[in-house]
Amino acid sequence: MIRTAVTLFLVCLMGFNFHNIQAQEVTIELGPEEIGLNETFSIKVTISNDKIKSYDEFPEITGFQKQGLSQSSSMNVINGQVTSTNSVIQYYKPARKGTFTLDAFTIKVNGSDVRSPGKTITVGDPRSSQRRSGAFDAFDDMFGRDRREEEPEFIEIEDDAFFASSVDKSEVFVGEGFNVSLAFYMSETNQAPFQFYEPGRQLDDILKKMKPSNAWEENFNITNIQPERVTINGKNWVKYKVYEATFFPFSDGEITIPSIAWEMIKYRVARNPTFFGSNRMEDFKTFYSSAKAVKVKPLPQHPLRNEVSVGVFQLRENIRETEAQTGEGFTYNFGISGEGNISAISPPRTKQIHKLNTFDPNVRQQINRGGGKVTGIKEYNYYLTVNEPGEVNLRDHFEWIYFNPVEARYDTLRPSAVINVVGESKVNQAISRQRLGGLYDLIEVESNKLSYQRYKYYFSIFINLLLLASVVLLAIMIIRKNSNG
């Protein structure tokens, strides 16, 4: 009752004397120089007349392990002036006895650097009663109570949660996709308070370890972790998916998804909650998923098995007109849609037909990632011309071969469109408009004489000089022989 009255009194003073609040000040308070092995050391950052909006990570101390964070706040009225303080405390648990050094360090609090000279800490034998350094009550000084008696005791609540990796297939063909997801699960009856801890940084480290080198990844790019209600073995859970992707293996063998470690902030709660100060303390817990293995089978023998796409696909052809004039062009869209590695889809194979001319296509693709699948469409937009009248069946010109993993067989997509071409034959005109190049370009500029006639005169002189040299050489050899004899 007295506490409630004083609280209301202080709130009223804050309302009427807000202009008297002093400027903010940031201080760092270090724990004692000597502690027992069963006690904790602490670093306390306190800011006056302001809230702690941001702060850097607390330093590591050799020989100690971080135990978690707690926050506290207080308010005082002195001579009509209202002052408030907010603190954040990092706890450290010693790992062994000895003397350890906390080097000088700097922490950025609310954008300002605060420096501490550090300290030497001596850890001795365990003590019978552990000194606790926590948040103090706003009424400690006013009522003369011992601060240590009011410090809350934080306890850990047993959780009902786990972290798991899952794959939708245990066996696939080369090129066939399988879905991988990582998720944190909490039962709907879970009472332990959790919070995600740097999921982006953790995922970067996880992908370096998990992503196979012999597979193409289609990442679903989860940017917001949203809760999803699921039922597992008749029990309701809340699922928080943190990563999802589909992998398309390049080669046969086995792909292993290793055990993944995932760290969560798990709060300890005060055994006896109070009106002032923090009623929970930040701690950490690491969950581990089980490893998964996916067997990758080779494709059946086929001349194109190293080139074909793998998936469940359909042909979506689009043509505006089924009649055309000879010599005039028209467009034809050969679209491949379905489930699979859309990025790896290659153009359809074309067979050369004498009366049909095909130009390089324009390509457009759309990839959809959702529902644990990668689907989409890849379109090849062709420009075609026909120079002879008649009926042109496009299935005789285009075909696309792929492997269907559901039916475990190769299949071929062929067009059904038939073009009716009318008009006079334009074959000769088409040839005349083409640049033949090469030999035909030289007809007008080259001589019509046989090529060896041009060099006959020079060839005759060369032969005569060669014969003359032979005669001279023979004469010299005869003269030398006679003189020696």
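The structure is a predicted model, in which local features need pLDDT of at least 70 and side-chain atom pairs count only at pLDDT 80 or more, while totals for chains, interfaces and linings use all residues. Residues are numbered from 1 along each chain as its sequence is written, and side-chain values use heavy atoms, with hydrogens and water left out.

We begin with the sheet. Strands of a sheet pair through backbone hydrogen bonds, either parallel or antiparallel. Here, three strands form an open sheet in the order β2-β9-β6, with mixed pairing. A strand is a DSSP run of E of at least two residues, and strands are numbered from the N terminus; two strands pair if DSSP finds at least two bridges between them. The edge strands, β2 (34–36) and β6 (98–102), each pair on one side only. On average, neighbouring strands of this sheet are turned by 30° against each other, direction ignored; the axes behind this angle are lines fitted to C-alpha atoms, and angles run from 0 to 180 degrees between N-to-C directions. Strand β9 (residues 119–124) runs antiparallel to β6 and is joined to it by five bridges. Residue G98, for example, has V123 in β9 as its bridge partner.

We turn next to charged side chains. Side chains of opposite charge can pair when their charged atoms come close. A salt bridge is counted where a side-chain nitrogen of Lys or Arg lies within 4 Å of a carboxyl oxygen of Asp or Glu. The whole structure contains 24 salt bridges. Four residues, E156, D159, K266 and K285, are linked in a network of such bridges.

E188 is partly exposed at 42% relative accessible area, whereas R229 is exposed at 54%.

Another salt bridge joins E399 and K351, whose closest N and O atoms are 3.8 Å apart. Because E399 lies in strand β30 (residues 398–404) and K351 in the loop between β25 (349–350) and β26 (356–358), the pair ties together parts that are 48 residues apart in sequence. E399 is buried, at 10%, while K351 is partly exposed, at 42%.

Methods. Helix = DSSP H or I, 4+ residues; strand = E, 2+ residues; numbered from the N terminus. Buried < 20%, exposed > 50% of the residue type's maximum accessible area, 1.4 Å probe, protein only.
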